Amino acid sequence: MGILDDVVINAKTAAEVVGKKAGQIVDVSKLRINVAELNAELSKRFEALGNYVYENCRESLAEDAEAVGKMAEIDELMSQRDALTKELVDKQNKVVCPVCGKQSSTTALYCSNCGTKLSE
Ligand SMILES: [Zn+2]
């Protein structure tokens, strides 16, 4: 083989190596995306499970100090959120429909969502 043949073969080998590396990078990217998607899905499922347990399993977990503590933390955060939401509603001159929860102007006589009479 001549020098030219060696150069051609080396260039071909180099191209194959680069192609293989690019393929591996694509594979790794796809795998990372798949892992990230599964992690996102798992987070959603854990959240759904947490909501279910929070709403339906209080009595059966009453002896579980850790579960009771975590539920109490959520209760506290919800109560803080509700207080802030009420403050926000008051500052915006809005009222919250006692039936559906939709916010309306304090001048509205009826809820625009469900028709409930909004009295002062
Ligand atoms: Zn309403």
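The protein has a radius of gyration of 30 Å, whereas a compact globule of 120 residues would have one near 14 Å. The model is predicted. Its C-alpha trace spans about 100 × 45 × 25 Å along the principal axes, and 8% of the 120 residues count as buried. A zinc ion is held by four cysteines, C97, C100, C111 and C114.

**Overall fold**

- The protein contains 2 helices and 2 strands, and these follow the pattern α-α-β-β along the sequence.
- Helix α1 covers residues 3-56, and α2 covers residues 65-91.
- Strand β1 runs over 94-96 and β2 over 103-105.

**Zinc site**

- The protein donors of the zinc ion are the SG atoms of C97, C100, C111 and C114, which lie 2.3 Å from the ion.
- Around the zinc ion, the 4 donor atoms subtend angles of 103 to 119 degrees, so the arrangement is tetrahedral; the criterion for four donors is that all angles lie between 85 and 135 degrees.
- The spacing of the donor residues in sequence is C-x2-C-x10-C-x2-C.
- C100 sits in the loop between β1 and β2, and C111 in the segment after β2, so this pair ties together parts that are 11 residues apart in sequence.
- C100 is partly exposed, at a relative accessible area of 34%.
- C111, at 4% relative accessible area, is buried, because the limit for buried is under 20%.

**Nonpolar surface patch**

- L42, F46 and L49 make a nonpolar surface patch of about 330 Å².
- L42 is placed in helix α1.
- The relative accessible area of L42 is 44%, and L42 is therefore partly exposed; patch residues need over 30%.

**Backbone at N93**

- N93 has a positive phi of about 55 degrees, although N93 is not a glycine.
- This residue, N93, is found in the loop between α2 and β1.
- N93 counts as exposed because its relative accessibility is 52%, and the cut-off for exposed is over 50%.

Note on methods: Residues are numbered from 1 along each chain as its sequence is written. This is a predicted model: local features need pLDDT of at least 70, side-chain atom pairs count only at pLDDT 80 or more; totals for chains, interfaces and linings use all residues. Side-chain values use heavy atoms; hydrogens and water are left out. Patches are made of residues with over 30% relative accessible area and no salt bridge: like charges are joined within 9 Å, nonpolar side chains (Val, Leu, Ile, Met, Phe, Trp, Tyr) within 5 Å. Accessible areas come from the Shrake-Rupley method with a 1.4 Å probe; for residues, only the protein chains shown count as cover. A salt bridge is a side-chain nitrogen of Lys or Arg within 4 Å of a carboxyl oxygen of Asp or Glu. Helices (H or I, at least four residues) and strands (E, at least two) are DSSP runs, numbered from the N terminus. Buried means under 20% relative accessible area, exposed over 50%, partly exposed in between (1.4 Å probe, protein chains only). Donors are N, O and S atoms within 2.8 Å of the metal (3.2 Å for Na, K and Ca); water is not among the atoms, so sites may look incomplete. Four donors count as tetrahedral if all angles lie between 85 and 135 degrees; four count as square planar and six as octahedral if opposite donors are over 155 degrees apart and all others between 65 and 115; anything else is irregular. The radius of gyration is taken over C-alpha atoms; the globule rule is 2.2 Å times the number of residues to the power 0.38.
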